[in-house]
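The entries below follow the order in which I looked things up.

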Amino acid sequence: MAVNRKWVKTDGKTLKEIFERIFLGGLPKLVSDRTMDRDLYYSGYMNTYIERDVSALEQVGKLDEFRTLVTYLAANTAQELVYETISREIGVSSPTVKEWVTILERSGIIYILKPYYSNISKRLVKTPKCYFLDTGLAAYLTRWPTAETLMNGNAAGAFFETFVVGEILKSYCNSGKEPSLYYYRDIDKKEIDLLMTGPDCLYPMEVKKAKNPSAPDKNFGVLDKFGLKVMPGLILCSADALFPINRATWLCPVSLI
């Protein structure tokens, strides 16, 4: 059966425009007033958050080390969260790192994406991934000077993925629903960036910065072993339009999420 390769046009943004949004971030004051000094605003935001909000939320005795952790997580957004590694990198005990990560999660600075696994398989990686929810704050903390340098830098893919995850989470929040999001990775290094779960079904999604990524759905077939219905997959990317690449997978501009 042939695929009806019909483009669904959108008012999608260019990759440059997407990264300008990523670099600015989503904090309301910055978005509504473009005359504000971005760096000065984020500097004040961090000082307020650490000195007032964190202290009110939980006693954190080592504020300098806590800020180092925040910066570390910003630099490693969209990566696996390995407490022992973070402990070695910032010189704080693993239990303390776990406690501080919980504080950051509860206060909406980060989001912990859990791995999807089933009792039928013990070959899956069970380490969660951590996403820094405001990409503008993450870019500020990691000292990217402009949207263009971020777009062309080695962290571009991670920031693009972080932005997509954040937009999906906003959709859940706006609809008053709890996120049903996971990621997949097994010991054979087969990975799917996002899995949205439904009643007895799975919706696979890959996140790619490219406009027309090569073989982006190559790992979707690993989901067949779970015995659930695998729904048509999405490749969330910088494409100009919603477009089917085969019978079961669509390229989807990030502007549609």
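This is a predicted model: local features need pLDDT of at least 70, side-chain atom pairs count only at pLDDT 80 or more; totals for chains, interfaces and linings use all residues.

Entry 1, strand pairing. I count two strands as paired if DSSP finds at least two bridges between them. Between E2 and strand E4 (residues 129–132) I found 2 bridges, the two strands running antiparallel, and in E4 the residue opposite Gln79 is Cys130.

Entry 2, two hairpins. I next followed strand E5 (residues 181–185), which pairs with strand E6 (residues 191–198) in the antiparallel sense over 4 bridges; Leu181 has Met196 of E6 standing opposite. These two strands form a hairpin with 5 residues between them, and Lys189 in the turn shows a positive phi of about 65 degrees. E6 is also joined to strand E7 (residues 201–207) by 5 bridges, again with an antiparallel run, and Leu194 has Met205 in E7 as its bridge partner. E6 and E7 make a hairpin with 2 residues between them, where Asp200 in the turn has a positive phi of about 60 degrees.

Which members of the largest nonpolar core touch the most other members? I found Phe66, Leu69, Leu73, Leu104, Ile110 and Phe132, out of 65 residues in that core. Helix H9 (residues 156–174) contributes the largest share of this core, 10 residues. A second, separate core holds 14 residues, including Tyr116, Tyr184, Phe220 and Val222.

I then listed the partners of Ile110: beyond its neighbours within four places in sequence, Ile110 is in contact with Leu73, Val101, Leu104, Glu105, Cys130, Tyr131, Phe132 and Leu133.

Is Val70 buried or exposed? Its relative accessible area is 1%, so I record Val70 as buried, the cut-off being under 20%. With neighbours within four places in sequence left aside, Val70 is in contact with Met46, Leu104, Phe132 and Leu141. I also checked Val70 against Ile110, and the two are 40 residues apart in sequence and 9.2 Å apart in space, C-alpha to C-alpha.

I located Ser238 in the loop between strand E9 (233–237) and strand E10 (241–246). At 6% relative accessibility, Ser238 counts as buried. Where does its polar side chain find partners? A polar atom of the Ser238 side chain lies 2.6 Å from the backbone oxygen of Lys209, and the side chain of Ser238 also reaches the backbone oxygen of Ala210 at 3.3 Å. Apart from neighbours within four places in sequence, the contacts of Ser238 are Leu15, Ile18, Phe160, Lys208, Lys209, Ala210 and Lys211.

I noted about 1,000 Å³ of space in the largest pocket. Its lining has 40 residues, of which Gly26, Leu133, Gly166, Glu167 and Lys170 are the closest to the centre. Helix H1 (15–24), helix H3 (38–57), E3 and H9 each supply at least two residues of the lining. Which element gives the most to the lining of this pocket? I found H9, with 8 residues.

Methods. Residues are numbered from 1 along each chain as its sequence is written. Side-chain values use heavy atoms; hydrogens and water are left out. A nonpolar core is a set of buried Ala, Val, Leu, Ile, Met, Phe, Trp, Tyr and Cys residues joined through side-chain atoms within 4.5 Å. Buried means under 20% relative accessible area, exposed over 50%, partly exposed in between (1.4 Å probe, protein chains only). Contact means heavy atoms within 4.5 Å. A polar contact is a pair of N or O atoms within 3.5 Å; within protein, one must be able to donate a hydrogen and the other to accept it, and residues adjacent in sequence count only if both atoms are side-chain atoms. On a 1 Å grid over the protein atoms alone, a cavity is a set of points where a 1.4 Å probe fits but cannot get out, and a pocket is an open set with protein on both sides within 12 Å along at least five of seven lines; lining residues have an atom within 4 Å of a point. Grid points are joined across faces, edges and corners, and a volume is the space filled by probe spheres set on the points.
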